[in-house]
Amino acid sequence: GLDAFRNACYAVAAGICDVALACGVEKILDQSSSGLPLDVLGAHPVMGSVSAPAVFALAATRAMNEWGWTREDLAAVAVKNHDNGAHHPLAHFRRQVTVDQVLCSPCLASPLGRLDACGVSDGAAAVVVTRPEIARELAHKDDFPWVKAVQLSVHTGWPVYKADFDYLGFPATRQAASQAYEEAGITNPRADIGLAEVHDCFTITELLNIGDLGLCEQSEAAAFVNDGRANFDGETPINASGGLKSFGHPIGATGCRMIYEVTRQLQGRADGRQVNDASFGLAHNLGGQGSAVAVAILGANDTGP
């Protein structure tokens, strides 16, 4: 979805069209299969096929060993995001959860339980991209956001084959973020980014994303959430909408939904909890085993020319 938005932005910027529509959609719930889907085509010759929870469980175990993170640290992400999602009228899952509920949820791949994972959902989202002179003639002529950067980074789909891959983050996120910050002219993301919608397919993923995006030191991400700095009224709100944990992950739609959420926040029209005084918002969409990442940065209307 975020790559569709990227292509729409480039089409308008290149003068190929004046108005572009980026769409994402996914129908998952009516499929006949059950259980956890496996990566059969890219199966490891020795390890065999693995599920998405199994892949991200490796990252969780590695972070626990390296930085002393605990299952309670992971659960804090789920508690925060479900609390935000309970206030969002468009969220799929609008129910708060407790740390104990997360810890006691059925195990998917240790140390990740069911409430450490985002849900499976159908969904669709669409975003309109146009030139500023056209936007100034439309309904939101006084509060449309500016696209400051959209960057994409693609790495190997099977990082386990790389001897230097340590599962303490995702190089594609770090590269896409670095490129986006340079394009947007942001030198201190922790100070400048007012809110971020990041890809929390699992609780561990959000924690690693916070560090990879430079919003804090990687080892400090758990403390960043536990201290309330990622809350909707904290230092840098992360997934104030409720994220994938509350919306599920209709894969093609997620990136466009993130742009929608960031746009509404910067306009002061958030559907759920409103973040105050944000000038720049970030959307981060991740695919595969952290192998394909897009990062977009939007600026509030008063940040434009």
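This is a predicted model: local features need pLDDT of at least 70, side-chain atom pairs count only at pLDDT 80 or more; totals for chains, interfaces and linings use all residues.
Two or more lining residues come from each of the elements α1 (2-13), β4 (123-130), α5 (132-135), β5 (146-154) and α11 (251-267). By residue type, the lining of the second largest pocket comprises 22 nonpolar, four polar and five charged residues.

Helix α11, one of the elements that contribute to this lining, has 17 residues. At 1.5 Å a residue, α11 should span 24 Å, and the C-alpha atoms at its ends are 26 Å apart, which agrees. Most of α11 is covered, with 15 of its 17 residues buried. G268 follows α11 and has a positive phi, near 75 degrees. The loop between α11 and β7 (280-287) contains D277. D277 also has a positive phi, near 60 degrees, although D277 is a residue other than glycine. The relative accessible area of D277 is 79%, and D277 is therefore exposed, since the cut-off for this class is over 50%.

Helix α3 (residues 71-85) contains R71. From the first C-alpha to the last, α3 reaches 21 Å over its 15 residues, close to the 21 Å expected at 1.5 Å a residue. Helix α3 is mostly covered, as 11 of its 15 residues are buried. Among the buried residues of α3 are D73, K80, N81, H82 and N84, together with L74 and V77. R71 has a relative accessibility of 29% and so counts as partly exposed, because this value lies between the 20% and 50% limits. In sequence, R71 and L112 are 41 residues apart, while their C-alpha atoms are 8.1 Å apart in space. For S49 and A63, which are 14 residues apart along the chain, the C-alpha separation is 23 Å. S49 is placed in the loop between β1 (19-26) and α2 (52-67), and at 31% relative accessibility S49 counts as partly exposed.

Aromatic contacts were also examined. The count comes to five aromatic pairs. In the pair of W67 and W69, the ring centres are 4.9 Å apart and the planes meet at 45 degrees, so the pair is tilted, as this angle falls between the limits of 30 and 60 degrees. W67 is partly exposed, with a relative accessible area of 24%, whereas W69 counts as buried at 6%. Ring pairs also join F56, F170 and F202 into a cluster. A contact of another kind involves R257, whose charged end sits over the ring of F247 at 4.2 Å from the ring centre.

Two further backbone features occur in loops. The peptide bond from S110 to P111 is cis, with omega near 10 degrees. P111 is found in the loop between β2 (107-109) and β3 (112-113). N239 is not a glycine, yet its phi is positive, at about 55 degrees. This residue, N239, is placed in the loop between α9 (221-226) and α10 (243-247). The relative accessibility of N239 is 0%, so N239 counts as buried, the cut-off being under 20%.

Methods. Residues are numbered from 1 along each chain as its sequence is written. Side-chain values use heavy atoms; hydrogens and water are left out. Helices (H or I, at least four residues) and strands (E, at least two) are DSSP runs, numbered from the N terminus. Ala, Val, Leu, Ile, Met, Phe, Trp, Tyr, Cys and Pro count as nonpolar, Asp, Glu, Lys and Arg as charged, and the others, Gly among them, as polar. The expected span of a helix is 1.5 Å times one less than its number of residues. Buried means under 20% relative accessible area, exposed over 50%, partly exposed in between (1.4 Å probe, protein chains only). Rings of Phe, Tyr and Trp (its six-membered ring) pair if their centres lie within 6.5 Å; planes under 30 degrees apart count as stacked, over 60 as edge-to-face and the rest as tilted. A charge sits over a ring if NZ of Lys or CZ of Arg is within 6 Å of the ring centre and within 35 degrees of the ring normal.
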